[in-house]
Structures are given as C-alpha cells and as structure tokens.
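Here is a short walk through one protein model. Keep the structure open as you read.

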Amino acid sequence: MTSFFQYFRGAAADGTVFLVCGLALAADMAGLLDRFDRVTGSFEPPLGAGVAGAVAFAIALSLLPEFSAAAGILVIMVGLVAIPLIWPGGDMSVETDNAIRRAALLWSSLVVALCLWELANFFLGHSSARADWNHPALSDLLRPLWTAPVLRGFGVAIWLLGGYALVRRGKERR
C-alpha cells in the first residue's frame with residue numbers, strides 16, 4: 001500500500017523501494033527465500049562491528065551534500081550490505097511476554113499515528129502552496145535539525161544504532 005501511495009504522490013524511486021521490500025517480505029513469508037535464510041541466518045556481526053559501521057556511515061553521509069547522487073549511492077550500498085546481515089532467517093514464531101506485547105502495541109500505535117498525520121497533511125496541503133505551508137509534513141518540521149552536517153551525522157548514527165539494537169533484540173528473542 002505504501003508503494004502505491006508513493007507512486008501516486010510522484011515519488012517513483014520511493015515507491016520502487018517500498019515495492020521491492022514488500023515483494024521480498026511476501027516471498028519470504030511464502031517460503032521462497034528459505035535458501036537465503038539458511039545462508040544469512042547463521043551469521044551475526046559483533047556489536048562493535050555494528051556500532052563502528054553505523055558511525056562510519058554517519059560520518060561519510062554527513063560529509064556529502066544532502067540529496068546528492070553520492071549520498072544516494074552510499075545509502076543504497078549500506079542497505080545492500082545490511083540486508084543479508086539483518087534478514088531474520090529461520091522460524092520467526094517466538095513466545096512473547098506481556099511487556100513485549102505492550103511495547104509492540106505502543107510503538108505500532110505511534111508509527112500508525114505518524115503515518116496518518118503524514119497522509120492527512122499530504123491531502124490537506126496538496127491543494128495549494130499556502131495549504132502546504134499550513135499543513136507541513138513531519139519531515140518538513142524536522143528538516144532544520146538536519147541541515148548542519150554534524151547534527152545530520154548524529155541523527156543518522158542514532159537511526160542506524162536504534163535499528164541495529166532492534167534487530168539484535170529480535171534475534172535474541174528467537
């Protein structure tokens with residue numbers, strides 16, 4: 001659904017990324033990637049390597065101009081390296097306690113609320129430039145934080161380390 005919305009709003013590159021990711025997840029759920037799971041499920045990078053990689057990527061990205069071709073290529077390269085390292089692999093059914101379920105519900109609710117905000121602001125701000133000013137997207141509100149290269153690098157590092165921590169936590173629970 002996200003992919004189709006991205007195409008609708010004119011962001012074909014974003015739509016393609018979401019489409020490919022969605023198709024990969026669907027293929028995995030259908031059991032079509034079992035061989036891939038056997039290859040990737042056995043290796044887990046050490047914590048130090050993950051932290052060092054996130055910091056190196058954040059520094060490199062903060063030194064490149066925003067939205068440049070080099071920055072885009074770097075992001076794609078990191079994604080292609082990270083996918084085999086973080087792909088879940090194996091049986092994903094785990095017993096979860098109530099605290100984990102409550103946390104999942106809370107985080108899911110927050111993500112859905114932010115997605116609904118973005119969707120509502122897209123349609124409310126789509127009619128004119130003034131309407132766009134009155135209904136900014138969340139990324140427009142946060143943009144001033146990322147203009148300084150140091151802050152952008154820090155934000156990228158936090159984003160990557162947070163994702164890395166979530167993946168490690170998920171693998172520990174299996």
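The paragraphs below take up the aromatic pairs, then a nonpolar surface patch.

This is a predicted model. Start with the aromatic rings. The count comes to 6 aromatic pairs. One of them joins Phe-5 and Phe-8. Their ring centres are 6.2 Å apart and their planes stand at 35°, so this pair is tilted. Tilted covers the angles left between stacked, under 30 degrees, and edge-to-face, over 60. Both residues sit in helix α1, which spans residues 2-8. They are 3 residues apart, about one turn of the helix.

How exposed is each ring's residue? Phe-5 has a relative accessible area of 21%, so it is partly exposed. Buried would require under 20%. Phe-8 reaches 57% and therefore counts as exposed.

Phe-123 is partly exposed, at 46% relative accessibility. Together, Phe-5, Phe-8, Phe-122 and Phe-123 form one aromatic cluster.

The patch is nonpolar and covers about 840 Å². Its residues include Trp-107, Leu-114, Trp-117 and Trp-146. Helices α6 (98-125) and α8 (138-142) each supply at least two of the patch residues. The largest share, 4 residues, comes from α6. Leu-114 lies in that helix. With a relative accessible area of 32%, Leu-114 is partly exposed. Patch residues need over 30%, so Leu-114 passes that cut-off.

Conventions
Residues are numbered from 1 along each chain as its sequence is written. This is a predicted model: local features need pLDDT of at least 70, side-chain atom pairs count only at pLDDT 80 or more; totals for chains, interfaces and linings use all residues. Side-chain values use heavy atoms; hydrogens and water are left out. Patches are made of residues with over 30% relative accessible area and no salt bridge: like charges are joined within 9 Å, nonpolar side chains (Val, Leu, Ile, Met, Phe, Trp, Tyr) within 5 Å. Accessible areas come from the Shrake-Rupley method with a 1.4 Å probe; for residues, only the protein chains shown count as cover. A salt bridge is a side-chain nitrogen of Lys or Arg within 4 Å of a carboxyl oxygen of Asp or Glu. Buried means under 20% relative accessible area, exposed over 50%, partly exposed in between (1.4 Å probe, protein chains only). Rings of Phe, Tyr and Trp (its six-membered ring) pair if their centres lie within 6.5 Å; planes under 30 degrees apart count as stacked, over 60 as edge-to-face and the rest as tilted.
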